[in-house]
Amino acid sequence: MKMVIAYIRHEAFEPIRADLLVKGFPSLSVSEVKGSGRQRGITERYRGAELTNYLRPKVKIECVVAGGDVRLVVDTILKHARTGGVGDGKVFVLPVEEAYRVRTGEAGEEILQSHPDAASNA
Amino acid sequence: MTTLTAAAEEINSGDTAWMLVATALVLLMTIGLGLFYAGLVRSKNTLNTFMMCVGAIAVAAITWALVGYSLAFDGDAKLIGGLGHAFLSDVGFTPRDGTTIPHLVFFAFQATFCIITTALVSGAVVERMRFGPFLIFAALWSVLVYAVLAHWAFGGGWLQAQGTLDFAGGVPVEMGSGFSALAAALVVGARKDYGRQALLPHNAMYVLLGAGLLWFGWFGFNGGSGFTTGDASVLAFTNTLLTPACTLLVWFILDLVRNRQITAIGAATAIIVGCVGITPAGGFISPIWAMVLGVVVAFPCYAVVAWRPRTRVDETLDVLAAHGVAGLTGIVFIGFAAQQEWNGVADGLFYGDAGQLGSQLVAALATPVYAFGMTYILLRVLGALMPLRGSATEEAIGMDIIHHGEEAYASGEGAILIRADAPSDGAARVREKV
């Protein structure tokens, strides 16, 4: 099992979400985050003060999938999040040791995403 | 009223006091509209949306003082007024003809109408139109569209001359803004994410608060449009309470039937629709007919609000539905329910004068054609001279940062001061590296 964590532009989220749904990966978490990277800051002015804000808003996606699905999920994210400009974001893949479904106590890869063959069990 | 002394005697202090207050109330509506609109857009465009309303104050108050007022209210030529009052010439402390208030107060009251109407049109182009071109558009629109329609309906122009009744601005304000908004949305084009992503209101509380402030200000808008503290003003004032209340209740029911839930954004919309509906009719129909109007006006507006997002026309904040269609309904409704017993002026169809309905229908046809046509041409010409909207990237980042260099909800975290009273070398170096 792997966790895919992606920091992306806001506008990239909807296409990624839609594509992952179609490909059978409905389960993910999203949060609004701020971060700084190579993307240049935004200059703002408030009354007399001029400042540059290096923390830019991004969307963070967390998605745990079976090891064999990692390539597909990462490629989907890369495809939709890439504009070619600095600030497109980053994707990380982390190992996951265990996973449990709270409602039933089931464990293992089967609980991660509702694949078509898993849907009949619902 | 032609000599100074005779005129001075005609000023009524009660009327003047009320009109001073009413003018301030109407100006507050533009700020309420800013809140209402700002709550309806995404958070990254909050300030820009509000600033379009603030910008309308800056621009339209000036154009109105320089030429707009004169073109609307000088003389009774059919199509447009003269330049006799340009630069506020002959607008002083003596009463405006036909009123008991100083000409200056009459001017200021009418100015706040021009301002709010100009601000209303911005609802069609928020979240993508560039701020500079909007200000230029607003300046020209306030003269070429608003002042002309105000002359037609209020200033002795051809609509007023042929008997159209419009108490507080169904023609210039409501239909004028609504059908101009449709043209503006068509020329400027849809937001890049329109129809592809859910574009949700970011703060429903602002929307409700803005609608509440608008309603509050509308008592000055309608109640002041009699220019006295007399019967017509009192009638319009009370009707401004009754009509929106009825629209609210009907909107609740329509929401329930359609979605099984009564929505807050829907309620805010209903308040606007009700206030708009009674705007032209306020001083002309009885309180009971005003309540009926509140019921009637909800249906076409609800239908257009529900239908418009299914089209490719990104008339973003539904100015057409809430103002154009509601104003048109109110104008036509006068033709049925006007009652001389209440207004002392004219009867509608229900009270024996079918001709009044005809006069109302003429306004209901001519106003949309002029407002739509003139706004369309104006924006096409402007668009040929300068880009009306920014790039897709700018739209993604948001209008607040791109056009104003500010955020509505800035946290300050991660920011480095680069130019304060005593600039530091460190900050300057950081800037060089970026």
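A word on the model itself: it is predicted, so local features need pLDDT of at least 70 and side-chain atom pairs count only at pLDDT 80 or more, while totals for chains, interfaces and linings use all residues. Residues are numbered from 1 along each chain as its sequence is written, and chains are lettered from A, with ligands numbered from 1, in the order in which they are written.

Let's start with chain A. It has three helices and six strands; here helices (H or I, at least four residues) and strands (E, at least two) are DSSP runs, numbered from the N terminus. Reading from that end, the order is β-α-β-β-β-β-α-β-α. The C-alpha trace of chain A spans about 60 × 30 × 25 Å along its principal axes.

How much of chain A is buried? Buried residues are 23% of its 122. The cut-offs: a residue is buried if 20 or more other C-beta atoms lie within 10 Å of its own, exposed if 12 or fewer, and partly exposed in between, with C-beta atoms placed from the backbone. As for contacts, two residues make one if their C-beta atoms, again placed from the backbone, lie within 7 Å. Among contacts in chain A between residues at least 6 apart in sequence, 72% join residues at least 24 apart.

β3(A) and β4(A) run antiparallel and are joined by five bridges; strands count as paired if DSSP finds at least two bridges between them. Tyr46(A) has Ala49(A), in β4(A), as its bridge partner. Two residues sit between the strands, and Arg47(A) in the turn has a positive phi of about 50 degrees.

The contact takes 18 residues from chain A and 17 residues from chain B. On the chain A side, α1 (10-22), β3 (42-46) and β4 (49-53) each supply at least two residues. That side of chain A divides into six nonpolar, five polar and seven charged residues. For the classes, Ala, Val, Leu, Ile, Met, Phe, Trp, Tyr, Cys and Pro count as nonpolar, Asp, Glu, Lys and Arg as charged, and the others, Gly among them, as polar.

Now chain B, which has 17 helices and one strand. Its radius of gyration is 22 Å, close to the 22 Å from the globule rule for 434 residues, so chain B is as compact as a globular protein of that length. The C-alpha atoms fill a box of roughly 75 × 55 × 40 Å along the principal axes. Buried residues make up 54% of the 434 in chain B.

One helix to find on your screens is α2 of chain B, residues 13-40. Its 28 residues should span 40 Å at 1.5 Å a residue, and the end C-alpha atoms are 41 Å apart, which agrees. The expected span is 1.5 Å times one less than the number of residues. Of those 28 residues, 20 are buried, so α2(B) is largely enclosed by the rest of the structure.

What about the cores? A nonpolar core is a set of buried Ala, Val, Leu, Ile, Met, Phe, Trp, Tyr and Cys residues joined through C-beta atoms within 7 Å. In the largest one, of 137 residues, Ala184(B), Leu214(B), Ile285(B) and Cys301(B) touch the most other members. α3(B) gives the largest share of this core, 14 residues. Apart from it lies another core, of 17 residues, including Ala6(A) and Phe25(A). Leaving out residues up to four places away in sequence, Cys301(B) touches Val273(B), Ala321(B), Ala322(B), Val325(B) and Ala326(B).

Leu88(B), in the loop between α3 (46-73) and α4 (103-121) of chain B, has a positive phi of about 60 degrees although it is not a glycine. Is Leu88(B) exposed or partly exposed? With 15 other C-beta atoms within 10 Å, Leu88(B) is partly exposed. Arg260(B) lies in the loop between α9 (231-259) and α10 (264-281) of chain B, and its phi is near 65 degrees, also positive in a residue other than glycine. Arg260(B) counts as exposed because it has 7 C-beta neighbours inside 10 Å.

Terms used
The radius of gyration is taken over C-alpha atoms; the globule rule is 2.2 Å times the number of residues to the power 0.38.
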